[in-house]
Amino acid sequence: MPTDMDIDTTVPPTEFMDEDPPAINEETSNVATLIDELKHEDVALRLNSIKKLDVIANALGVERTRTELVPFLQESIDDEDDVLLALAEELGKLVDAVGGKEYAYYLLPPLENIAAVEEATVRDKAVASLCHIADILPEEHLEKYFVPLLKRLTVGDWFTSRTSATGLYVAVLKKVSEPLQQELKTLFKQLAEDDSPMVRRSAAKALVNLVGQISPEDVLPLFEKLSQDNQDSVRLLTVEVLVALANKLSEEQTKTLLLPAFIYLANDKAWRVRYMVASKYVELADAFGQDIARENFTTAFVSMLKDTEGEVRTAAASQVPGYAKLVDKTVILEDLLPCVKLLVTDENQHARAALAKDISGLAPIIGQDATMEYLLPLFLQQLTDEFPDVRLNVISNLETINKAIGIERVSQALLPAIVELSEDKQWRIRLAIIEYIPLLAKQFGSKFFEEKLLELCMSWLRDLVFSIREAATVNLMKLTEVFGAEWAKAAIIPEVMKMTTDENYLHRMTTIFALTTMAEALTPLMVKDSILPTITEMSKDPIPNIRFNVAKSLETLIPLLKKDSSTTELVESSVKPTLEKLSADPDVDVKFFATRALESNGTF
């Protein structure tokens with residue numbers, strides 16, 4: 001029997017699968033098809049077959065998987081990236097298929113080849129599979145098979161193999177003998193000093209995981225070298241290494257050995273490095289310890305809050321509450337709040353949005369009086385920001401402020417601003433406030449909401465702009481979801497009903513929209529008692545636009561009524577007669593929508 005799977009096409013499928021097959025069956029035929037498709041010209045077919053390697057391997061058995069399937073796959077490395085990505089992943093899952101951990105080393109050669117390809121995502125997947133296999137290989141196999149592979153990748157001619165090598169050291173370093181550990185450390189040092197920036201970048205990324213594997217004395221020289229690299233894309237990756245080292249060293253060692261590196265990186269000439277430091281600032285401060293942070297971190301943090309690059313200010317703004325927890329209240333009031341005040345009017349909208357998202361976290365830290373004096377004016381300013389994300393972030397985090405200073409104070413300070421915005425002459429600003437009302441409702445509670453904001457919500461139903469009236473109906477449904485159907489039945493529906501006799505037909509039409517939209521958040525029984533009678537009564541309205549919207553509303557209500565056996569009969573007894581009457585309406589649009597409603601629900 002041929003062992004080259006590529007040319008074994010003349011052999012019947014069952015012969016290929018079994019030396020002495022009992023019969024040809026569908027399963028073996030499917031496996032034979034998968035084997036044929038491994039070399040098919042169609043990428044989709046090859047990809048499908050690769051994803052079912054476990055099926056092929058189980059059919060072949062462990063011996064033939066090792067001696068035929070794996071070598072065959074190794075010869076097929078020159079392929080599409082999507083296929084190689086799937087192959088790199090599937091090979092890591094074939095350990096049992098080749099006979100378990102004692103034979104897992106058979107999978108190393110094809111993965112070694114894939115680890116050197118050009119596409120980074122493919123290499124990363126190959127590295128992940130290699131690390132998985134390294135975890136289960138016996139120690140003697142690690143030194144006999146895996147370490148030589150690692151050495152070959154480390155000294156490979158192409159940077160692609162060397163970048164992959166950096167991610168493999170963490171899998172073997174602690175598992176091999178002491179002399180071999182020293183040799184591997186030397187090889188990793190070569191990678192950290194490689195001529196290619198891509199390799200040094202990968203080494204910097206891998207060094208984070210090695211901090212827990214090797215002594216700080218071995219890591220520090222590599223960290224210092226990489227943190228002063230001439231490429232900012234390398235330097236920025238050392239910030240995470242700095243965090244890992246600071247967590248491992250004593251406070252005295254951290255201050256002596258790492259503080260200079262922190263100051264250097266925090267003031268780096270490249271904004272991307274400063275951005276990385278800013279985004280990890282609280283994590284760095286925690287790692288260095290509160291005493292060192294209080295003494296040495298505030299100046300650099302203030303500089304980042306005032307940085308010339310908007311991205312750095314944005315990252316720093318998100319760290320303000322976390323850093324404020326580590327320093328004295330005096331530092332917050334004298335050093336941080338002036339920067340916060342500047343950020344509220346920052347030219348970069350993302351910096352303003354980041355601040356608005358996190359600034360409320362300062363309230364519990366500085367207390368009631370300082371929040372009232374310093375933060376509330378800033379919240380008011382942010383509520384009028386032209387960038388919607390800023391307004392949303394403030395409203396989304398009002399609960400934190402409520403807890404710090406109480407809902408009464410918040411309402412006294414912020415509600416006038418919200419009401420003012422809701423009446424703004426620009427309809428888009430009114431629309432934005434409507435969209436935030438459900439968030440406010442959650443934080444204020446039903447009683448407070450009824451007293452302060454319900455009337456405002458109802459007034460939007462009569463707005464001159466259709467988009468506002470439409471948004472107002474959706475708002476009522478969301479409020480029903482927040483406070484519950486019983487609350488809506490008592491508080492909202494009676495108010496909406498008052499508009500059914502309004503002289504303005506647009507307001508009557510809005511009533512239909514509101515009731516229909518809210519119905520989705522109500523129970524079928526509530527629809528029966530509170531919604532359906534009003535809608536059917538409005539089918540007698542003299543305005544055709546009202547009547548055809550009644551037909552559309554009934555079309556929506558039918559599925560809701562059918563959800564409950566006690567309301568299903570209403571479809572026949574109430575909805576259908578109304579629609580049949582409307583289907584004979586002299587107005588062509590009313591007739592069309594009524595007929596559609598009957599047909600779409602199978603009641604015509």
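Let me start with a definition, namely that the expected span of a helix is 1.5 Å times one less than its number of residues. Please also bear in mind that what you see is a predicted model.

Take helix 38, which runs over residues 544-561 and has 18 residues, so that it should span 26 Å, and the 25 Å between its end C-alpha atoms agrees with that. Helix 38 is also mostly covered, since 13 of its 18 residues are buried.

Turning to the domains, the assignment for this chain gives domain 1, at 215-327, and domain 2, at 523-603, and their centres, taken over C-alpha atoms, are separated by 66 Å.

Which residues touch the most other members of the largest nonpolar core? In that core of 213 residues they are Phe262, Phe288, Phe297, Tyr323, Phe449 and Leu479. The core draws at least three residues from each of domain 1 and domain 2. If we leave aside neighbours within four places in sequence, Phe288 is in contact with several residues, among them Leu242, Leu258, Phe262 and Phe297.

Finally, I would like to show you Thr517, which lies in helix 36, residues 505-519. Thr517 counts as buried because its relative accessible area is 19%, where buried means under 20%. Its side chain reaches the backbone oxygen of Phe513 at 2.7 Å, and, beyond its neighbours within four places in sequence, Thr517 is in contact with Thr473, Val474 and Met477.

Note on methods: Residues numbered from 1 in each chain as written. Predicted model: local features only at pLDDT ≥ 70, side-chain atom pairs only at ≥ 80, totals over all residues. Heavy atoms only, no water. Helix = DSSP H or I, 4+ residues; strand = E, 2+ residues; numbered from the N terminus. Buried < 20%, exposed > 50% of the residue type's maximum accessible area, 1.4 Å probe, protein only. Core = buried A, V, L, I, M, F, W, Y, C linked by side-chain atoms within 4.5 Å. Domains from an automatic or database assignment. Contact = heavy atoms within 4.5 Å. Polar contact = N/O pair within 3.5 Å; in protein donor to acceptor, adjacent residues only side chain to side chain.
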